[in-house]
Amino acid sequence: MSLADLTASELLDTLGRGEASAVEAAREYLALIEQRDGDIGSYLRVDAEGALAQAAEVDRKREAGEELGPLAGLPVAVKDVLCDSAGATTCASRMLEQFHPPYDATVVAKLKAADAVLLGRLNMDEFAMGGSTENSAFQVTRNPWDRGRTPGGSSGGSAACVAAGLAPLAVGTDTGGSIRQPAGLCGVVGLKPTYGRVSRYGLVAFASSLDQVGPMARTVRDAALLLEAIAGHDPHDATSLEEPVPQYAATLDKPLEGLRLGVVKEHYGAGLDGEVESAVRAAIAQYESLGAEVREISLPHSKYAVATYYVIAPSEASSNLARYDGVHYGYRTDQTKMVAELAAERKALSDAGDEAGLAQLDTALVRMYRKTRAEGFGPEVKRRIMLGTYALSAGYYDAYYLKALKVRRLIRQDFDAAFEQVDLIASPVTAAPAFKLGEMVDDPLAMYLVDLYTVSANLAGIPGISVPCGFNTAGLPIGLQLLAPPLKEARLLRGAHMYQQATDWHQRRPAFSATPSE
Amino acid sequence: MSNAYTTVIGLEVHVQLATHSKLFCRCSTQFGAEPNTQTCPVCIGMPGTLPVMNRQAYQLALRTAVALNCDIPEFTKWDRKQYYYPDLPKGYQISQYDLPMSDDGFLEIADAKDRFEPKRVRIIRAHLEEDAGKSIHDEAAGKADSEIDLNRTGTPLLEIVSQPDMRSAAEARAYLEEMKLLLTYIGVSDCNMQEGSLRCDANVNLHLDHEGESIATPIVEIKNLNSFRAVERAIEYEAARQYKEWQENSEPPKARQKYLARPKQTRGWDDAAGVTRAQREKEESSDYRYFPDPDLAPVITKGDEVQAVREALPELPAALRERLGEDYGLGTYDADVLVNQGRALVDYYLAVADGSGDPKAACNWVTQDVLRVLKDQESTIDQFGVSAENLAGLVKAIDDGQLPSSRAREAFEVMLADGSAVDAAITKLGIEQVDESALEDLCRELLAANPKIVADVQDGKQQAVGALIGQAKKKNPNADPALVRQICLKLIGEGV
Amino acid sequence: MSLTRQDVEKVALLARLQLTDDELATMTDQLAQIVDYVDQLAEVDTDGVEPMAHAVEVANVFAADEVRPSLPREAALANGPRTNGRGYLVPAVLGD
């Protein structure tokens, strides 16, 4: 059996017992990436040299009997949105193609301290904006189950990488479903922790009050292992919670006695794919057979979640992305060309005697900003910056941004009330399985509506997990989402693990031809 | 002359708080470092970085707000003020918008020379925000690039906004001086205008009467005011300029309406030319799109914490002036001179006054001799050569008659030179009391030797006796000139 | 309310984006569609509801006022697209 067939937890044990070395494990994964990723496109950059050096260092430490971190020798791949001083952090954007952060994100620092072996950086939608990874400025990522379809997004690289077996563990980020949705579409496990559970320091911000970093893996046990390593209070993040990190992996096998599982009545309306609905209902029935009590609950404001999200997230994004102005880091437009262009415009206006036009003409500085940002950002990022700028601008603030903040509280209160009655909430992750590449690129609103089941958890700040719960007739994975009250990740993981103990959806693997396709 | 208009002035003061590190990162706030040597990923605004608030900055801001008699709301938060400028690396400034940390305070101003009536200037709000960096543009190079230095980026600033309660340049200056004094007394800032730790913008307009109608001219905000003198000059210039502008636009009614409806304008003060100039502004530049900063937690300050801050405040300048008047019998002018020199000098004075038991004499010594020496030496009271205890000894020695006041300055110079106490100075100068009979003998001797002077005095030229005083001093340096004069006149009168 | 091309032009300047005529047209259509969708928030009764700007409600998070080393200047400027070794360079900042 190959090391790459093992789950992360199994691999950790194997390495711990000295039955294989970290270098062997890294080599095996690097070979698989070489062989398969041309087809999938999950990695933006593979750091073979760095990974092998880290692996060798772990082996040396083990040999010398030195203390080892909790992920010693485990290969991990990271979404290209978390700063790593070892190289570039691009957010899949032209804007940051040349950006080399002089510091490590807290999560990256924790992975290094845990003796993980960092394989490389994963593709994503530009600045984590999107649900198909098609907004990457650099490459397309394909769903390992059907190469003509999207892996979802924005952590599509992370989900595809784990599904294709190109890393046992991956780190993703989730602002409106960006971990859970691609996990669901690729048939892997993805967890978005409680807001504040994992540090955001070094995570390039999309929407600061919604962003969270989380684990992606093949099994719930592996997700628990990775979460435990990256969670915890960080003095560099004022919004991180000062709560001790439970031993998620160690308590995983304790079954949830008398589990009350909530089913949201608003979730099963028009638009939900029939095969998805039956898979989710079957999963709920599975819980019942495991002794859970299923209760119907209501989240009356859930239908406003997408609208609320698409005001708050773009508003924050428009502000967070203002810093990309070509001055202190990142891309800048060709200044000579820009100056010449401006001079030509000035001359034309002047020749035409157009005083008003001249008064309106950008200064060189303003034109530098505008061209830099026009050339550095892709269309979806521009769309969201525009939307957010509009929502915050004079005259619209109260109607959009402030209104959305109020509805956000109502959404949170719906959850607070629901969790009085139930321990976990079960739902679909998406209304349909993976869609075709290119299918929605020209219809942003339709793309936004894909986030229907996932955005509420970000707005409310609660944890959620996506676990595989079946396949449709075309062989595409279907995901089940479980949601828990704030900081109840242990309960969430135990609930999801309980399901995986009783099912084998998560053990299925997509097919790969034996020879690398070109 | 009764003025044709009233000048209405509101001031916005920005003061850098005296923390060691910046507001949201731990880079040094030291002034004067080489460009871009005091920056880190956070204050450069690099992707992924997050702000964490400096506790001391908040405490200093709170102390200031309490000293300015502001209300401190229990809940306050920080907002992003968004605009593009190369010295603002995040594309937004973290500031406070609708829920500032303090509001509704006041500062009292008065003029020792009575140029205006004492008044209370109301303060709208004081809020905590981050400073921007600096853009350096080489004017000579014309269209060359500007250079950006981010060392100052993120330094904590308190913005203090007054109501438009001032009515003259003198009042505006008094407000700034009193503000600076207060801030220095409570130790929240060094208020160095040259280094930019105290900055000021002035909002100026005119109120006037036009055919029985009250008119307010459009408000002008004046920027680039780099000294208190510049504030005074700019306000005076601007008032005159606005009045001229009003006269040019007051008729016909259509022109007047158009003029009065003009939005607030920003003008920059050109100190060398002594004029204000309009600054170029984009129409959209004022849409700052404020919204709560999701990266920062709000701050909750309970009433008992505010009370503790209030109780821990040192004595403020106004209270100190009052105490010097009531307990030490000093006039407004003297109290002002002392208090305006700063707390250390006041403490010195208090020690001299208390040690000597003669607050008036102590005040004369401190405000005249001590301040003169400090000025000559360009030094401060903590480096001064005569300790408060020794100066008190000197005052006491004069009062006790141990030291003739005629020789007190000599003694002071000796004490200043070698740090000695008054007794040692007296010994060193050989000062001793001359008893009156010895002095009378001396005078008889002098009169006998100078019959011409005696005759002159007898002829009514009393001033002739002056020549004898010099001779007496030569024979005995301790001879008190007044006494010599008095004895000589008495003896001549007796017909010696 | 419906979004016009003029609105979009104004927002593009505020956001410091330069859009081509084609982009402006597409952007106007797409934003109008999204704004129409978002307008459904108006029907929610939010009287007396406190806005929720943070996902978790923590307060009074401070750091101690202790100076830590800054980045060496070379490292600080290393990512700058245009520098002179002392500072970041930008097209002339004039008039203020």
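**Entry 1. The second largest pocket**

I began with the second largest pocket, which has a volume of about 1,100 Å³. For the search I took a 1 Å grid over the protein atoms alone; a pocket is an open set of points with protein on both sides within 12 Å along at least five of seven lines, a cavity is a set where a 1.4 Å probe fits but cannot get out, and lining residues have an atom within 4 Å of a point. Grid points are joined across faces, edges and corners, and the volume is the space filled by probe spheres set on the points.

I noted 33 lining residues for this pocket, with Ala110(B), Ala112(B), Arg321(B), Asp336(B) and Asn340(B) closest to its centre. Strand E6 (102-109), helix H2 (169-185), helix H6 (317-328) and helix H7 (332-340) of chain B are the elements that give two or more residues to the lining. H2(B) gives the most, with 9 residues. I use DSSP runs for these elements, numbered from the N terminus: helices are H or I with at least four residues, strands are E with at least two.

By class I found 13 nonpolar, 6 polar and 14 charged residues in the lining of the second largest pocket. Here Ala, Val, Leu, Ile, Met, Phe, Trp, Tyr, Cys and Pro count as nonpolar, Asp, Glu, Lys and Arg as charged, and the others, Gly among them, as polar.

Why does the second largest pocket lie between domain 1 and domain 2 of chain B? Domain 1 (10-203 + 282-300) and domain 2 (315-428) of chain B both give residues to its lining, so it lies between them. Domain bounds come from an automatic or database domain assignment.

**Entry 2. Basis of the values**

This is a predicted model, in which local features need pLDDT of at least 70 and side-chain atom pairs count only at pLDDT 80 or more, while totals for chains, interfaces and linings use all residues. Residues are numbered from 1 along each chain as its sequence is written, chains are lettered from A and ligands numbered from 1 in the order in which they are written, and side-chain values use heavy atoms, with hydrogens and water left out.

**Entry 3. Cavities**

I searched the whole structure and got 10 cavities of 30 Å³ or more. The largest cavity holds about 140 Å³ of space. Its lining has 17 residues, and Phe24(B), Val42(B), Pro51(B), Lys90(B) and Glu130(B) lie nearest its centre. That lining divides into 9 nonpolar, 4 polar and 4 charged residues.

The second largest cavity has a volume of about 100 Å³. I counted 15 lining residues, the closest to its centre being Gly130(A), Gly131(A), Ser178(A), Tyr310(A) and Asp451(A). Helix H9 (305-320) and helix H15 (444-449) of chain A each supply at least two residues of this lining. The classes are 6 nonpolar, 7 polar and 2 charged. Domain 1 (3-250) and domain 2 (306-394) of chain A each give at least three residues to the lining of the second largest cavity.

**Entry 4. Domains of chain A**

I then looked at how domain 1 and domain 2 of chain A meet. Their C-alpha centres lie 33 Å apart. Counting contact as heavy atoms within 4.5 Å, I have 19 residues of domain 1 of chain A against 20 residues of domain 2 of chain A. The buried area is about 1,600 Å², of which carbon and sulfur atoms give 67%. Buried area here is the accessible area (1.4 Å probe) that two parts lose on being put together, summed over both. In domain 1 of chain A, Met95(A), Met129(A) and Phe206(A) lose the most area to domain 2 of chain A, together 42% of what that side buries.

**Entry 5. Domains of chain B**

For chain B the assignment gives domain 1 (10-203 + 282-300), domain 2 (315-428) and domain 3 (436-493). The C-alpha centres of domain 2 and domain 3 of chain B lie 35 Å apart.

**Entry 6. Chain interfaces**

Between chain B and chain A, the contact takes 32 residues from chain B and 43 residues from chain A. About 3,000 Å² is buried between these chains, with 57% of it from carbon and sulfur atoms. Pro47(B), Leu50(B) and Tyr84(B) supply 22% of the area that chain B buries against chain A, more than any other three residues. I count 1 salt bridge between chain B and chain A. The side chains of Asp295(B) and Arg200(A) meet in a salt bridge at 3.1 Å, N to O.

Between chain C and chain A, 50 residues from chain C and 65 residues from chain A are in contact. The two chains bury about 5,400 Å², 69% of it on carbon and sulfur atoms. The count here is 3 salt bridges. Glu43(C) and Lys303(A) meet through their side chains in a salt bridge (3.8 Å, N to O).

How values were computed: A salt bridge is a side-chain nitrogen of Lys or Arg within 4 Å of a carboxyl oxygen of Asp or Glu.
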